Amino acid sequence: NLLVENIIDIYKQDSLRSTAKPEQPTCEEHDEEKINIYCISCETPTCSLCKVFGVHKDCEVSPLLTVYKQQKCKLDDGIGALVAANDAIEAFITHLEEISKNIEDNCRGQKQALYEQFDSLFVVLENKKQEM
């Protein structure tokens, strides 16, 4: 439960940071080029010059913003699934706790009934013993 809440808090903080316009990073190979595409083949962000002339010229690429939105949607879906699973698990735990309480109550009742039957049998045996 706390883990899911922490994940959600971290995700929300990241979302808030992403709404502020951060400075766009530049390519390590081409100092003045902004990173604006994502190499799907290598799973790394890169610049257009790397795609045209560099290491990623034979790779499949996609606009960085498109990949970002896709990954964000996947994370949103994953968090939603985690929250739903967490709610289901909490409900199941509550159900198990209720069952456990019922079992304990039933055990106490059965134990008390057994004691009463033994006491009753003991009285019968004592009466039989005195008759002899």
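Trainee: Why is Ser62 counted as buried?

Mentor: Buried means under 20% relative accessible area. Ser62 has 13% relative accessibility, so the label applies.

Trainee: Where does Ser62 lie, and which residues does Ser62 touch?

Mentor: Ser62 belongs to strand 3, residues 61-63. Leaving aside residues up to four places away in sequence, Ser62 touches Ile37, Tyr38, Ile40 and Val67.

Trainee: Why is Ile103 called partly exposed?

Mentor: The class runs between the buried limit of 20% and the exposed limit of 50%. Ile103 has a relative accessible area of 48%, and therefore is partly exposed.

Trainee: What makes the nonpolar surface patch that includes Ile103?

Mentor: Phe92, Leu96, Ile99 and Ile103 make the patch, which covers about 360 Å². A patch residue needs over 30% relative accessible area, and Ile103 has 48%. Ile103 lies in helix 3, residues 64-131. In general, an α-helix has 3.6 residues a turn, so residues three or four places apart point the same way.

Trainee: How do you know that the span of helix 3 is close to the expected one?

Mentor: Helix 3 has 68 residues, and 100 Å is expected at 1.5 Å a residue. From first C-alpha to last, helix 3 reaches 99 Å.

Trainee: Which elements have the lowest and the highest mean pLDDT?

Mentor: Helix 1, residues 2-19, has the lowest at 67, and helix 3 the highest at 95. The chain averages 88, with 90% of the residues scoring at least 70. Where pLDDT is low, the predicted coordinates should not be read in detail.

Note on methods. Residues are numbered from 1 along each chain as its sequence is written. This is a predicted model: local features need pLDDT of at least 70, side-chain atom pairs count only at pLDDT 80 or more; totals for chains, interfaces and linings use all residues. Side-chain values use heavy atoms; hydrogens and water are left out. Patches are made of residues with over 30% relative accessible area and no salt bridge: like charges are joined within 9 Å, nonpolar side chains (Val, Leu, Ile, Met, Phe, Trp, Tyr) within 5 Å. Accessible areas come from the Shrake-Rupley method with a 1.4 Å probe; for residues, only the protein chains shown count as cover. A salt bridge is a side-chain nitrogen of Lys or Arg within 4 Å of a carboxyl oxygen of Asp or Glu. Helices (H or I, at least four residues) and strands (E, at least two) are DSSP runs, numbered from the N terminus. Buried means under 20% relative accessible area, exposed over 50%, partly exposed in between (1.4 Å probe, protein chains only). The expected span of a helix is 1.5 Å times one less than its number of residues. Contact means heavy atoms within 4.5 Å. pLDDT is the predictor's confidence in each residue, from 0 to 100.
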